[in-house]
Amino acid sequence: MGLHQALPKKTGLILSGGGARAAYQVGVLQAISQILWEAGWPPSRNPFDIICGTSAGAINATALACRADNFGEGVQKLLDVWENMTVAQVYRADSLGVLRSGARWLSLLSFGWLLRKWRAAPPTSLLDNTPLVGLLHRMLDLPRLDAALADGLLHALAVTASSYSAGNHLTFYQTAAEIEPWVRMQRIALQDQIGVEHLLASSAIPFIFPAVPLYTGGHREYCGDGSMRQLAPISPAIHLGASKVLVVGAGRLSEPAHEAAGAARYPSLAQIAGHALSSIFLDSLAVDIERLNRINLTLSVLPPEYLGKTPLKPVELLVIAPSERLDDIASRHIASLPGTIRTLLSSLGATEARGSALASYLLFEASYTCELIGLGQRDTRARRDDVLAFFGS
């Protein structure tokens, strides 16, 4: 019997969470498409076998996976959406919508013990993201995703959510191949047909958007943003067979350090909330990248006889992340938010420069998202040689 041929390496894409910050990912993807086209790749060729996303990154990931038969078209669809983004496409910004969600929610926090009428049906979140359902239906072509998987144009799609009910971190993956689900400490993988409800759950920023019921193992669990309790953001791509992974971050990894001006003041509620969201969305990814780099370094110095005894395998990694502070960019665009939302956020201190981190996640307005797209394009073009080396061009 002849020698078995080595299995082709699978390339994974990780799109992290971050609300409106996910516009940066679209700029990165557009620049990658352009760089590969300049290197001779057909515009339609999909460079990613495995696509994984969390929170708003799950929406981008699924929209891209739906067009795995034409990568250039998939990137252009994302550009069309994010370059023309408005808050009203994601959450209600009209006075009635804000009164029903945000104002009631803040009032409940302040005077809930007086307002007995809300005990039976309390407001569930700061904002009402009902409009997002319509946007998702316009962005996605799920039958086309099924066809791409069946035709072998895509190996797997994975999106993540966090169960408030059970306390577990959930990875839902769809693939035409039989891949055994994996279970780790507080992390469970489930093979499923990914739909709009998974994306609503994955992108339900805690406190900001309402939890979403998902049925797992025959019972209902209420789930929120997949960035919560996400201890190993890169692991789904590796479990699904990726041997090289491109990670697109949403901040902190390459940003310049923040320099506080003057004496520190007691933090506003928005400053605390922004700090908490940054911890949820950004820190786990940074830690996982460090861990993977350490594993790669350890494996590189092991003698061959020991390499054969460990299940660990080296994973080629390329990380592209913002070179500028997205909080600072957001602070320049807060005026583009609808007046009702500015009023609501100002009550939390989010319209001040020190509270702009919170605004950076909610600024679904084209002036902001277009600047993030441009930053993603510039950062990626600056890494052109690394991109070409990663894709073997």
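This note goes through the predicted model point by point, from the whole chain to single residues.

1. Basis. The model is predicted; local features need pLDDT of at least 70 and side-chain atom pairs count only at pLDDT 80 or more, while totals for chains, interfaces and linings use all residues. Residues are numbered from 1 along each chain as its sequence is written, and side-chain values use heavy atoms, with hydrogens and water left out.

2. Overall make-up. The protein chain has 15 helices and ten strands; these are DSSP runs numbered from the N terminus, with helices (H or I) of at least four residues and strands (E) of at least two. Of its 393 residues, 52% count as buried, where buried means under 20% relative accessible area, exposed over 50% and partly exposed in between, for a 1.4 Å probe and protein chains only.

3. Surface and contacts. Contact means heavy atoms within 4.5 Å. Among contacts between residues at least 6 apart in sequence, 77% join residues at least 24 apart.

4. H1 against H14. Helix H14 covers residues 366–381, and its axis lies 7 Å from that of H1 at an angle of about 40°. Axes are lines fitted to C-alpha atoms, for helices over the stretch in contact, and angles run from 0 to 180 degrees between N-to-C directions. H1 and H14 are therefore oblique to each other; angles under 35 degrees count as roughly parallel, over 145 as roughly antiparallel, 65 to 115 as roughly perpendicular and the rest as oblique. The crossing of H1 and H14 is right-handed, meaning that the near helix is turned clockwise from the far one by less than a right angle, and anticlockwise for left-handed. Residues in this contact include Ala31, Ile35 and Glu38 of H1 and Leu372, Gly376 and Arg381 of H14. By class, the residues of the contact are ten nonpolar, seven polar and three charged; Ala, Val, Leu, Ile, Met, Phe, Trp, Tyr, Cys and Pro count as nonpolar, Asp, Glu, Lys and Arg as charged, and the others, Gly among them, as polar.

5. H3 against H5. The axes of H3 (residues 71–82) and H5 (residues 131–139) come within 11 Å and cross at roughly 150°. That makes the two helices roughly antiparallel. Their crossing is right-handed. Lys77, Leu78 and Val81 of H3 meet Leu135, Arg138 and Met139 of H5, giving four nonpolar, no polar and two charged residues.

6. Pro47. This residue sits in the loop between H1 (23–38) and strand S2 (50–54) and is buried at 6% relative accessible area. Beyond its neighbours within four places in sequence, Pro47 contacts Thr11, Leu36, Trp41, Phe71 and Phe391.

7. Ser356. Ser356 belongs to helix H13 (residues 356–362) and is buried, with a relative accessible area of 2%. Neighbours within four places aside, it is in contact with Asp327, Ala330, Ser331 and Ala350.

8. Positive phi. Most residues other than glycine have a negative phi. Ser55, in the loop between S2 and helix H2 (56–65), has a positive phi of about 60° and is buried at 1%. Arg229, in the loop between strand S8 (219–225) and helix H8 (235–239), has a positive phi near 60° but is partly exposed at 42% relative accessibility.
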